[in-house]
Each structure stands twice: as C-alpha cells, then as structure tokens.
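Open the model in your viewer and keep the selection panel at hand. This tour tells you what to select next and what is there.

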Amino acid sequence: MRIQSLRLHRLNMPLVRAFETSFGRQTVRDVLLVQIETDAGEGWGECVAGADPVYSAEYVDGCQHVIEHHLAPALVAASRSSEAGIIAEDLESLFAFVIGHRMAKAAIEAAVLDAQLRAAGLSFGTYLGATRAEVDCGVSVGIADSIDELLAEVAEYVDEGYRRIKLKIRPGWDLSPVRAVRNLIGARMLLQVDANTAYTVADIDHLRRLDEFDLVLIEQPFVEDNIRDHVTLAHAIDTPVCLDESITTVGVAIDAIERDATSIVNIKPGRVGGYIEAVRIHDACVLRDVRVWCGGMLETGIGRAANVALAGLPGFRLPGDTSASARYYAEDLTEPFVLVDGRLRVPTGPGNGVEVRRDLVAAWATRPVLLVR
Ligand code: SMG
Ligand code: MG
C-alpha cells in the first residue's frame with residue numbers, strides 16, 4: 001500500500017459518568033484519531049493514551065507529538081521509497097528507531113490495518129484469528145463517593161446483563177466496597193478488582209483479606225516495573241494475580257508468567273504497541289495455559305470494534321472490559337455497540353467493520369486537523 005497522508009484528529013467526548021481510579025477522576029475523554037489515506041483506500045485508528053501520564057508514561061499530547069514528528073514522517077517516507085509499499089506487518093521494524101511510545105505506534109498500526117483489510121475485504125476478526133462471533137462482556141466500575149452509590153451503579157450494570165464486575169480499588173477503598181458488592185451480586189457472579197499500582201509489598205497481609213471474596217483476579221496491585229513484588233504476592237495470596245500495566249511486550253509477558261508474577265493476563269493492544277503484538281501475547285499465553293482477557297481504555301467505537309474482534313480469539317476465556325457504547329458515551333463515533341445477553345457482536349465487515357461518523361469527529365474537534373504527508 002502507498003500511504004499518501006496521515007491526518008490527526010483531536011476531539012473531546014464527555015463520559016456519561018465520571019470514572020475514578022486510584023490515579024484520578026476522569027469526566028471527559030481527550031481522543032486522538034489517526035486517519036490514513038492510501039492508494040487502496042483509507043483507514044482509521046484510535047490512540048488509547050489518556051490526557052495525563054498517570055496510567056502510563058504515555059499521554060495524548062505526547063502521542064500526537066511523536067506521531068507528528070517521528071512516526072508519521074518515517075511512515076510516509078518509507079512508503080514513498082519502498083517498491084512494494086507498506087503494510088501493518090512492516091511497522092514494527094520501521095518504527096523500531098523510536099523507543100517505547102507503544103500507544104502512539106498502536107494507533108498508526110490500527111489505521112494501517114484498517115485500510116489494508118478493507119482493501120482485501122477481510123475483517124479484523126478474520127485477520128486476527130477470532131473464533132467467536134460474539135464476546136462476553138464485563139464492566140469496570142470506578143471508585144464511588146459512597147458504598148450506596150457504588151451499589152446502585154453495580155445493580156444497574158447487573159440488570160443490563162454484564163457478565164462480570166470489576167471494581168477499582170485503592171488503599172481505603174477495598175475490603176468494604178468489595179464485601180458490599182459481593183453481598184449484592186451473590187456468590188456466583190464473576191467479580192474482580194483493579195488497583196492500578198496503588199499498593200506496595202507492605203500491603204500483602206491486607207491484600208490477602210481479599211481472598212474471602214472469591215475474586216477472579218486482582219489486577220496490577222504494584223508499580224509496573226516491579227515484577228518481583230508481584231511474584232511475592234502471587235505466592236502469598238489465593239486470588240490470582242493479573243498484570244495490566246506491566247505487560248508491554250510478549251517478552252515481558254513470558255518472563256512474568258514464567259516467574260509466577262501473573263497467572264492471568266490483561267491484553268490491551270494500545271499498551272503493547274498494537275494488535276499484532278497483542279496476538280503474539282495471546283498465543284504465548286495459550287501455549288502456557290494462561291487465560292487472557294481484553295482490557296479497555298474507554299475507547300470509542302473505533303477502538304472498541306477492533307478490541308471486540310481481538311476478544312474473539314480462543315484464549316480470551318474471561319469477559320473483557322469491552323462494554324457497550326452506552327456505558328461510556330451518550331453518542332459514539334460509530335454505530336453503537338449494544339449489549340445483547342451480556343455480549344457484543346464481533347463486527348464482520350471489512351477492516352474494523354464500523355463507519356466513522358465524520359460529522360461528529362468534526363463537530364467535537366478541539367484542534368484543527370493536522371496533516372502529515
Ligand atoms: O474501557 O471500560 C474501559 C475501562 C476499563 O478499567 C479500565 N481501564 O487499568 O484497566 C485499567 C483501566 C485503565 C483505563 S483508565 C482511563
Ligand atoms: Mg487495569
């Protein structure tokens with residue numbers, strides 16, 4: 001494919017309800033979209049980075065900068081000088097000169113994949129290897145102002161049919177909310193927690209008290225570069241430990257699994273540099289009989305479409321943070337994803353299988369479109 005240009009779109013989308021985690025409270029999503037134009041047609045990708053570098057080192061202004069000044073010029077130049085043109089499989093080596101910046105790279109990869117799969121008439125699901133037509137969905141529930149408000153929110157999601165509840169926790173908001181929610185939803189409903197690195201190894205005795213709630217997993221209790229303390233926790237606690245922020249490459253995933261730091265893996269394509277690396281991590285986990293599930297970054301329909309396709313792969317044996325559009329946004333940037341019997345359908349159309357609502361992308365823009373060619 002010849003890549004003629006990249007356009008970067010920035011827009012704000014208010015969340016239907018504030019989302020609070022151990023690292024902060026978010027009421028709006030600052031969305032960066034990559035639109036590429038090629039000789040075979042166009043493609044769209046969504047960047048998952050947040051407005052501030054608080055979930056990871058990446059943040060949306062940084063992603064935009066590195067795309068504008070480093071990745072996009074390299075992509076356009078390589079496309080111009082290469083006989084065969086560029087496809088998504090070329091990007092890893094093409095972008096290797098930029099260290100890290102996986103969320104920025106993943107946004108471009110998604111756009112290139114969308115364009116090349118549309119041109120080939122293939123869906124993301126078929127390309128990635130999805131074996132399911134629909135995927136089980138969970139919902140991630142933020143820290144609330146009170147236990148009563150938390151219970152009201154969880155009850156709503158249970159009524160809507162979500163198949164798993166994930167509670168955000170932090171020191172001071174853990175045992176009591178988890179106990180209250182477990183009492184509300186009963187013993188059989190899947191329940192898990194996510195600390196987003198808010199604890200330290202000194203909290204292990206406290207975290208062991210979560211064992212009585214029969215959780216599916218505890219996600220990322222300690223800082224991302226500390227694999228060793230997760231090993232210590234995993235040996236001390238019955239609840240399975242699951243890494244999110246720590247898992248940045250297939251190599252790190254294998255290392256963490258083989259050291260016993262994680263027995264279930266959260267896969268987020270944005271965090272690991274794209275869908276191709278996400279499938280590698282999936283495959284490495286399947287080989288080691290480690291279950292995986294698809295994480296979420298409050299994506300719009302553009303990112304969600306591809307995530308749902310990924311979640312259709314056979315190793316995704318737990319419900320993902322792949323919730324319906326209505327859990328996040330009053331109006332989505334694509335046709336809405338609707339929960340039916342606790343599941344979302346994997347799009348079957350070419351590319352990501354959804355249509356971008358350009359009117360909304362333009363109407364909600366916070367900056368002029370930036371063109372690189
Ligand atoms: O997309 O439903 C979603 C959000 C899921 O909890 C979620 N994501 O650490 O897993 C996580 C968080 C990080 C995102 S905070 C913006
Ligand atoms: Mg997480």
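**Before you start.** This is a predicted model, in which local features need pLDDT of at least 70, side-chain atom pairs count only at pLDDT 80 or more, and totals for chains, interfaces and linings use all residues. Residues are numbered from 1 along each chain as its sequence is written, chains are lettered from A and ligands numbered from 1 in the order in which they are written, and side-chain values use heavy atoms, with hydrogens and water left out.

**Stop 1: the metal.** Select the magnesium ion (ligand 2). Its protein donors are Asp-194 (OD), Glu-219 (OE) and Asp-244 (OD), at 2.1 to 2.3 Å. Donors are N, O and S atoms within 2.8 Å of the metal (3.2 Å for Na, K and Ca); water is not among the atoms, so sites may look incomplete. Along the chain the donors of this ion follow the spacing D-x24-E-x24-D. Now show Glu-219 and Asp-244, a pair that links distant parts of the chain, 25 residues apart. Glu-219 belongs to strand β8 (residues 218-219), while Asp-244 is in the loop between β9 (241-243) and α9 (250-258). Helices (H or I, at least four residues) and strands (E, at least two) are DSSP runs, numbered from the N terminus.

Buried means under 20% relative accessible area, exposed over 50%, and partly exposed in between (1.4 Å probe, protein chains only).

**Stop 2: ligand 1.** Select ligand 1 and show what surrounds it. There are 17 residues around ligand 1, and the closest are Ser-140, Asn-196, Lys-268, Leu-298 and Tyr-328. Here a residue counts as near if one of its heavy atoms lies within 4 Å.

Next, check distances to the oxygen atoms of ligand 1. A polar side-chain atom of Tyr-328 lies 2.6 Å from one oxygen atom. For the side chain of Lys-268, the distance from an N or O atom to a ligand oxygen is 3.0 Å. For Glu-219, already seen as a donor of the magnesium ion, it is 3.3 Å. Taken alone, ligand 1 exposes 430 Å², and the protein buries 97% of that.

**Stop 3: two backbone angles.** Most residues other than glycine have a negative phi. Select Gln-220. Its phi is positive, near 40°. Gln-220 is found in the loop between β8 and α8 (227-236), and is buried at 0% relative accessible area.

Move to Leu-298, where phi is also positive, near 60°. Leu-298 sits in the loop between β11 (291-294) and α11 (301-310). It is buried, with a relative accessible area of 10%.

**Stop 4: helix α11.** Follow the chain into α11. How many of its residues are buried? The count is 10 of 10. Among them are Gly-301, Arg-304, Asn-307 and Leu-310.

**Last stop: Gln-116.** Select Gln-116 in helix α3 (residues 102-120). Gln-116 is buried, with a relative accessible area of 12%.

Notes:
Polar contact = N/O pair within 3.5 Å; in protein donor to acceptor, adjacent residues only side chain to side chain. Areas by Shrake-Rupley, 256 points an atom, 1.4 Å probe, with all protein chains shown as cover.
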